[in-house]
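Let's take a guided walk through a pair of protein chains.

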Amino acid sequence: MDSPPLDFEKPILELQRRLQELKSHSDKHEIDFDSEVESMELKIRETRRQIYENLTAWQRVQIARHVRRPFALDYIARCFTDWVELHGDRVFGDDKAMPCGLAKLGPYRCVVISQQKGRDTKENVKRNFGCAYPEGYRKALRVMRLGEKFNLPVMALIDTPGAYPGIGSEERHIAEAIAVNLREMMVLRVPIIATVIGEGGSGGALGIGIADRVLILENAYYSVISPEACSAILWKDRKHAPEAAEALKLTADDLMRLGVVDEVVSEPEGGAHRDHDLAAANLGAALRRNLKRALETPIDELLRERYAKFRKLGNFAEPKVKNGA
Amino acid sequence: MAIFKKPALKTESRKKREMPPGLWQKCDGCGEVVHEIELVENDRVCPRCDYHFTQTAKERIAKLCDPDSFVELDAGLTSIDTLKFQGMASYKDRLRKYQDKTGLIDAVLSGHALIEGYKVAIAVMDFSFLAATMGSVVGERITRVIEYGTAHGAAVVIVAASGGARMYEGMLSLMQMAKTSGALALHAEKRLPFISVLTNPTTAGVMASFSSLGDVIIAEPRAMVGFAGPRVIKETTHQDLPERFQTAEFLEEHGLIDLIVHRKQLRMQLAQLLAYFSSTR
């Protein structure tokens with residue numbers, strides 16, 4: 001898929017431009033440059049591999065935010081069938097940043113809760129840049145309860161810069177909406193598989209992120225605070241975001257090491273935005289495999305494991321205390 | 001010989017201003033200067049305008065719990081710099097600085113106690129320690145005290161104050177929201193009461209987890225309570241914020257909390273609520 005290049009991709013672009021020149025030169029003067037073209041193509045492949053295998057945390061954040069990156073509804077269209085979107089929280093409104101509904105994943109009937117960003121201004125206004133209001137989190141809970149009632153597992157697709165920081169959000173109690181989801185998802189009596197497909201922005205992401213299995217795409221990130229905001233607080237300046245991104249340990253590999261996520265789903269070379277179908281095929285396969293395993297586990301055992309999985313997160317020192325001391 | 005001698009110039013008034021710091025406090029409520037002794041005697045409430053100053057966790061526990069009934073649990077839990085976080089200052093340096101300044105190991109005290117004879121599992125956050133941000137230690141101690149309540153059939157009382165998650169611990173700090181909320185789910189399954197008390201300020205990750213999950217939610221008067229910071233909201237929305245936005249009074253008006261209780265009445269209010277919900281005294 002054609003997409004605007006990111007800064008660190010410029011060397012590849014430069015090589016591609018030179019390759020193009022070489023080819024046109026060859027055509028115009030009818031000289032055989034085949035071996036040169038071949039070595040140039042090799043060099044491009046090698047450069048790409050070099051760049052994409054050594055992405056910094058900040059570069060991955062940029063890929064995760066890429067405007068052409070597949071969004072939740074792109075995955076829903078490709079990984080799932082028979083999608084029926086269900087609207088509204090039955091109290092206040094329908095949050096377009098949080099599409100929820102029924103869908104089939106292969107043979108499995110599911111409910112899907114997701115966060116959706118927009119690709120252009122018009123779409124972003126509609127989707128509020130993927131920042132949900134309280135009614136979004138409450139719609140997600142309503143649909144999860146529906147899943148619990150009809151024994152349909154929950155598939156959560158996470159992609160948000162964060163819950164929306166606005167006046168209406170506070171008036172309708174965004175903090176409570178997220179907190180209630182955390183509590184209720186911990187004891188929801190159907191399997192939950194959550195995947196961070198792009199941006200995992202803090203509490204807004206976690207608000208649909210309690211699950212038996214937490215997956216993350218190779219170039220997605222999941223962070224307690226955005227690198228920019230962290231930079232503004234700790235360096236008193238937003239321009240240290242790349243260092244903040246590094247310090248926060250927000251990449252898929254870092255999160256695997258910390259035990260925050262259970263599995264990394266690989267992306268097409270250069271990022272999911274380069275091949276939506278392949279990205280979706282990878283995700284679909286990972287979801288089916290994880291869901292199958294979760295469905296084979298008795299629900300009480302699954303709930304115990306779900307609690308234990310989050311319960312053990314955290315790192316601290318504790319002196320040994322003698323019994324009865 | 002002059003009868004009246006011009007008195008020598010004295011600089012007494014200037015000397016007065018050089019009092020040891022901390023002896024006088026300017027009240028954020030009315031702007032008046034209040035003497036420390038007066039504040040201590042008045043539970044750190046402004047005697048003129050009732051503004052509630054920040055209280056330490058120790059002070060709160062002493063005022064809320066029956067005398068000598070508080071038994072601290074998990075006192076030795078200490079934060080670790082898992083991420084080796086380097087910003088303008090390292091996390092390690094920050095921790096050491098606040099440990100020296102406050103005499104605390106981290107931002108919460110937890111344990112079990114009696115309130116008017118009712119057994120409670122109680123945690124009190126201390127804003128003076130790194131803005132009472134929630135890292136692994138805060139999350140673990142709060143989770144353990146909730147689990148203590150669940151195991152012993154006790155009510156849980158958490159007095160919160162917090163700037164949110166502790167970013168120096170990255171995603172491990174965010175996960176404390178999940179841990180604490182999950183522990184409350186199991187506590188609730190046993191039909192045990194949880195009373196959440198919000199003090200100035202309670203925000204972000206703490207507000208978006210256990211603090212919003214009280215069976216009854218109480219706030220201190222004029223406490224700043226919210227999810228996003230007012231500056232962030234202003235920058236995002238380019239709107240003027242409503243009057244008293246994100247105050248306890250604003251939350252009560254919008255139906256988001258049960259009660260606003262003056263600090264001096266808090267202990268009796270907790271006891272009254274516990275009498276409705278608890279069978280153990």
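Predicted model: local features only at pLDDT ≥ 70, side-chain atom pairs only at ≥ 80, totals over all residues.

## Where the chains meet

Start with the contact between chain A and chain B. It draws 46 residues from chain A and 58 residues from chain B. The size of an interface is often given as the accessible area lost when the parts come together. Here, chain B and chain A bury about 4,600 Å² between them, and carbon and sulfur atoms account for 73% of it. On the chain B side, the residues that lose the most area to chain A are Met167(B), Met171(B) and Phe227(B), which together make up 15% of what that side buries.

Three salt bridges are counted between chain B and chain A. In one salt bridge, the side chain of Arg311(A) meets that of Glu147(B), with 2.8 Å from N to O.

## The chain B side of the contact

Which elements of chain B give two or more residues to the side that touches chain A? They are α5 (136-152), α6 (170-189), α8 (230-237) and α9 (248-253). Of these, α6(B) gives the most, with 16 residues. Sorted by class, the residues on this side of chain B are 31 nonpolar, 20 polar and seven charged.

## Strands that cross between chains

Now look for a place where strands of the two chains pair. Strand β9 of chain A (residues 316-317) runs antiparallel to strand β4 of chain B (residues 78-79), and two bridges join them. Within this pairing, Ser79(B) of β4(B) lies opposite Phe316(A).

## Domains in each chain

Chain A is assigned a domain 1 (15-54) and a domain 2 (61-311). Taken over C-alpha atoms, the centres of these domains of chain A are 40 Å apart. For chain B, the assignment gives domain 1 (22-53) and domain 2 (54-277). The centres of the domains of chain B are separated by 23 Å, again over C-alpha atoms.

Let's stay with chain B and see how its domains touch. Ten residues of domain 1 are in contact with eleven residues of domain 2. The area buried between these domains of chain B is about 1,100 Å², with 42% of it from carbon and sulfur atoms. Two salt bridges are found across this interface of chain B, along with ten residue pairs in polar contact, both residues at pLDDT 80 or more. The side of domain 1 that touches domain 2 in chain B holds four nonpolar, three polar and three charged residues.

## Paired strands in chain A

Finish with some strands of chain A. Strand β1 (residues 81-86) and strand β2 (residues 100-105) run antiparallel and are joined by four bridges. In this pair, Val84(A) stands opposite Leu102(A) of β2(A).

Strand β2(A) also pairs with β3 (residues 108-114) of chain A, antiparallel and through six bridges. Here Gly101(A) has Val112(A) in β3(A) as its bridge partner. Strands β2(A) and β3(A) form a hairpin with two residues between the strands, and Gly106(A) takes a positive phi near 60° in this hairpin.

Methods. Residues numbered from 1 in each chain as written. Chains lettered and ligands numbered in written order. Heavy atoms only, no water. Contact = heavy atoms within 4.5 Å. Buried area = accessible area lost by both parts, 1.4 Å probe. Salt bridge = Lys/Arg side-chain N within 4 Å of Asp/Glu carboxyl O. Nonpolar A, V, L, I, M, F, W, Y, C, P; charged D, E, K, R; others polar. Pairing = 2+ DSSP bridges. Domains from an automatic or database assignment. Polar contact = N/O pair within 3.5 Å; in protein donor to acceptor, adjacent residues only side chain to side chain.
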